[in-house]
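Here are a few friendly notes to read alongside the model. Please keep the structure open as you go through the points.

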Amino acid sequence: MATETPPPPVLYADREEWRDITPLEQSDLENPLVPIFYPIEYKDAMDYFRGIVATKEHTDRVLELTEHIIRMNPAHYSVWQYRYSTLLALCSPEYLTKELDLMDELCLKFMKYYQVWSHRKLLLLLPESPSSTSGPNPLAHIIPTPSQELTYLSRVLATDAKNYHTWAYRQWVLTHYGDTHPGIWEYELIATDILIEDDVRNNSAWHHRFFICFASGAQNGVEERELAFVKSKISLSPNNLSAWNYLRGILDKLKIRYAELQTFVELYSGPRVGNRNEDEDEVEVYDLDNPRPSSNADLPCALAIEFLADIHEQEGDNEKAINVRALTSFDAFIPF
Amino acid sequence: MSDQAIVPDRQQQLPIYAKAHISSAIRFLRQGLPRTGIDNDQARLVIGFYCLATLDILDALESASSESEKEGWRSWIWAQQIRGIWGSGFRGSPGAATNQPASSEYDPPFLIMTYAALLSLAILRDPLTQLDREGLRKYLKISQREDGSFKLFPTSEEYDLRMTYCAFSICSMLDDWSSINIPSAVTFIQSCRTYEGGYGQEPNNEAHGGSTYCALASLHLVPPSSNYAGSSALLTPAQHAQTTRWLLHCQDASETGGGFAGRTNKVQDACYCFWCGASLDILGMAQVVNADANASFLLECQFRFGGIRKDRVSNPDPYHTYLALASLNILSKDTTNPPFEEALDPLWNARASTQLWLKQRLHATPATAAPA
């Protein structure tokens, strides 16, 4: 039996270089609530972590110990916190460079944990934190620029395009550095283009697009461009809530009456108008204001009917609104 | 295997496997989590809360555990109340403690754990006389940032709607709002609202079911008696309609659906049946939910041998187990088999008698004066 199990880890308790530390056991009570069955490797490392915290040691071996624990439990706030204060105390360009490389690995590996992003944010904020001397922080030049940071985030999103923490962090980078580094906004629109092209139902990408186009200051011509963009995406896949919400968002933000979209919406709220196959010889003119549904679109589209009902409601015709809205509950209008 | 691939037979609704869920919750409380649960090491208190709340909502706490065992759990929770330079609050476990009970920079109180501790103690019918009220008020005050948001722990760079909700709930439990700045907190909540009608975790983040619950519950917890005009904290009619629409669209309308997703175009997940379902209840719109479909989905998420899963194939866990039951209670209280004994308060996320216990122990009589 013993030969089948992997070799046991070398415990801190058995390591010569850790002999000066007195390990501290967790002081749980007799009747612990939700105890955790700790593997010996974790228990041993945590005993030494508590030992280190008690002696207030901030040396390079603390980085080794805390990395070891984080790889077993990336959610331990106190361990991350102690690691951060150790990095501050060491104030070494070499350790900080290594730390940034490590975080590139760990944010990808543990992207679903709040803690990795919180630590990354603290590192990025380092140049702004007060240093012991009155001058600029000596480590500031090592910290990635905001645009390098955004490039890294695109890499993370390439592995999981809807990860909430990554998007939230990206939005924080843009709001935090957007004024001082106006250039960082430039690539954002293209970044969402690519992600929406890849998956038209990626609501995180749609949300981000709204944030960069409308929530971060007005830009010239953005309204026409975005209305054309969202209509073209609706024409490709009409039953896409993300796109309809985006359209509604633009209209609400710019206080445009929904009725102005009536011609467009009616192309989607009823059965297909005309038959493209019969008109094959005709060169179809793409109407930027009112693009027609793609040939394989499921019509009528419930989200368009809902929109039509809201047009009537906004125009004060409640009876018509109720009648149209009732259509969406018909099974017949579920895409077939 | 894809969850959507399973086509359930919905001719007859499944019962709640109450006995199995009760033994599962008891097992987690007593024996805890396996080694794969290590990442909950600092959150044991909140896992404990989900298990205790599961027993409470199924009306099983009396029968499932002895008085001496409950006393042991109460003592453990009190041992997590720590005092220090930041006042006093609860941590999730003693994992970072070097010389407890003194709180240190690396062993701080957490707002989420403090919320979970108060509710857990009320479920366990603790007299709550050990609560350091003054310390807790100080801790709440220190936790609030200039922009109105609340920090996860005093030196944290995390401040989102989860902590706003916990801070508001704690003030509501204490019936004392004098230690926090309500107007700036409400401004922060409002800044998390998105064009879709839901709320993101922080300003500029995507609308999310969990954050939306935190926002709506917080806004509705603000006491009308406070100097701050509570009404201006609430939604305008247009916002109310937009938020209702967004929440309703989160419910999966397909034949195998019925559950809620946490974001637009994401898949249904049992926990959002609570976050979105309770949100609709708070808005007074629970009656427009397709409650039967929601119940069918949740009951299909049950694991026959105890616990409820986020979908029909994953492993069960205490978090999804409790929130699924809470959703059933809010949306299908009388139609499940067996029906629930008592209603759940959607704002505190506690059953009525537990809420009453807490109020009777912590609320001053008559109501405390409004903040200056």
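This is a predicted model: local features need pLDDT of at least 70, side-chain atom pairs count only at pLDDT 80 or more; totals for chains, interfaces and linings use all residues.

1. Just after α1(A), Lys56(A) adopts a positive phi of about 60°.

2. Next, the surroundings of that helix. The buried residues of α1(A) are Asp44(A), Ala45(A), Met46(A), Tyr48(A), Phe49(A), Arg50(A), Gly51(A), Ile52(A) and Val53(A). Their packing partners in chain A are α2 (60-72) and α3 (77-90).

3. A helix pair in chain A comes next. The axes of α8 (residues 188-198) and α9 (residues 203-215) of chain A come within 9 Å and cross at roughly 160°. Because angles over 145 degrees count as roughly antiparallel, α8(A) is roughly antiparallel to α9(A). Their crossing is left-handed.

4. Which residues make this helix contact? From α8(A) come Glu188(A), Leu189(A), Thr192(A), Leu195(A) and Ile196(A), while α9(A) brings Ala205(A), Trp206(A), His208(A), Arg209(A) and Ile212(A).

5. Now to the contact between the chains, which takes 51 residues from chain A and 47 residues from chain B. On the side of chain B that touches chain A, α1 (18-31), α2 (44-57) and α4 (67-79) of chain B each supply at least two residues. The largest share of that side, seven residues, is from α4(B). The residues of this side of chain B comprise 16 nonpolar, 19 polar and 12 charged.

6. Finally, a look at Leu299(A), which sits in the loop between α12 (262-269) and α13 (302-314) of chain A. Is Leu299(A) buried, exposed or partly exposed? Leu299(A) counts as partly exposed because it has 18 C-beta neighbours inside 10 Å, and a buried residue needs 20 or more. Leaving aside residues up to four places away in sequence, Leu299(A) touches Pro238(A), Tyr268(A), Pro271(A), Arg272(A) and Pro293(A). Between Leu299(A) and Ile21(A) there are 71 Å in space, C-alpha to C-alpha, and the two are 278 residues apart in sequence.

Methods: Residues are numbered from 1 along each chain as its sequence is written. Chains are lettered from A and ligands numbered from 1 in the order in which they are written. A residue is buried if 20 or more other C-beta atoms lie within 10 Å of its own, exposed if 12 or fewer, and partly exposed in between; C-beta atoms are placed from the backbone. Helices (H or I, at least four residues) and strands (E, at least two) are DSSP runs, numbered from the N terminus. Two residues are in contact if their C-beta atoms, placed from the backbone, lie within 7 Å. Axes are lines fitted to C-alpha atoms, for helices over the stretch in contact, and angles run from 0 to 180 degrees between N-to-C directions. Angles under 35 degrees count as roughly parallel, over 145 as roughly antiparallel, 65 to 115 as roughly perpendicular and the rest as oblique. A crossing is left-handed if the near helix is turned anticlockwise from the far one by less than a right angle, and right-handed if clockwise. Ala, Val, Leu, Ile, Met, Phe, Trp, Tyr, Cys and Pro count as nonpolar, Asp, Glu, Lys and Arg as charged, and the others, Gly among them, as polar.
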